[in-house]
Amino acid sequence: MSVQEYLEKHLLPRKIEEAVNAAVRAKAADPVLFISTHMRRAAPAVITRVCARQILDSRGAPAVEVDLHTNKAVHRASAAGPGAPEGAAVDATRDVEKRRLLAKAVADSVRLINGKVSEALVGMDPQQQAQIDQAIMDLDKAHHRTEVGANAMLAVSIAACKAGAAEKEVPLYKHIADLVGKSATTLPVPAITVINGGTHAGNNLPIQEIMILPIGAKNFEEAMQMGSETYHHLKDIIWEKYGSDSCNIGDDGGFAPNISSITEGLDLVIAAIDRAGYNGRIKLAIDAAATDFCVGKKYDLEFKSAKKSGQNFKTGDDMIEIYSQLCSGITCLWIYIFWEANLLTS
């Protein structure tokens, strides 16, 4: 093929002329840079390959990291490994076994992404998020996402989403808003963990997190300021009541005083909000992570205690009653719970 034939086949004379005219109209200070950028935009982005690897997350647990390559750039994302163990496990032997199985699951996901998933996505437009996600799910449809793994799927999906945003030359949040048909966007209210329990801390508090939501803030910056002030007042209160060694922190940065009662933890946070002067402007929240202390079809509120009384095994109905009482006693309490259908039976 001659040079002239090559130019005509790819319509390059017309595209180059368009780029030069655009540079002249824009009075570009650097015409070469302008023309190269213009030409780059003229070529549609396509996925050329997907590469995955195993990494270690902040807790040293195996996780999946993905590089999604297009003909223009590389976009990276990561996600926790499937069935990742959280926090400090009660049973160290069980935790070691879980991490061994997790490492194998991550390695399997990496192989699958580098093989079948990459092959399925090559040639696709990264702006077509729904089609990309469907192509990944179709690979594992019969296995209910147990072969690829939901978190591995998530890493690929996020990387593709970043590539789509880059192709549209918009921020990631704007691209996501467009995908779901939202024109107006706003920053969410931050949920700030202030007390850790459950498997995320070494105290006797059964639930995983107590959080604060600065709903009365005018903007995100003020919300973070309110959260920061309340957090530091909480530290002072814990220090005064329990001593300096109770100001240690859990996995997610919340304090981990040696308390065993949810109410006791909430009272500490309420006192901190009051001391900070934000009564009525900060909402309380808890993430129970109740499946972590579910034994069979009951919930062991003393699952971390070496000396169990045997009196704190609760049914699903008992837990609902506990949450209801917390909500009735505190008017601004938000509770996040993941209920599994088979755990609701008393």
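This is a predicted model: local features need pLDDT of at least 70, side-chain atom pairs count only at pLDDT 80 or more; totals for chains, interfaces and linings use all residues.
Local features need pLDDT of at least 70, side-chain atom pairs count only at pLDDT 80 or more, and totals for chains, interfaces and linings use all residues. Residues are numbered from 1 along each chain as its sequence is written, and side-chain values use heavy atoms, without hydrogens or water.

Strands β1 (residues 47–56) and β2 (residues 62–70) run antiparallel, joined by 9 bridges. Strands are DSSP runs of E, at least two residues, and helices are runs of H or I, at least four, both numbered from the N terminus. Two strands pair if DSSP finds at least two bridges between them. Ile47 stands opposite Thr70 in β2. Between the strands lie 5 residues, and Gly60 takes a positive phi near 80°.

Glu65 sits in β2. Glu65 counts as buried because its relative accessibility is 15%; the cut-offs are under 20% for buried and over 50% for exposed, with partly exposed in between (1.4 Å probe, protein chains only). Beyond four places in sequence, the contacts of Glu65 (heavy atoms within 4.5 Å) include Cys51, Ile55 and Arg76.

Now the open sheet. Its 4 strands follow the order β4-β5-β6-β10, with mixed pairing. The edge strands are β4 (192–196) and β10 (333–336), each pairing on one side only. Strand β6 (residues 283–287) runs parallel to β10, with 4 bridges between them. Here Leu284 stands opposite Leu333 in β10. Helix α10 (residues 316–329) packs on the sheet and touches β6 and β10.

Conventions
Axes are lines fitted to C-alpha atoms, for helices over the stretch in contact, and angles run from 0 to 180 degrees between N-to-C directions.
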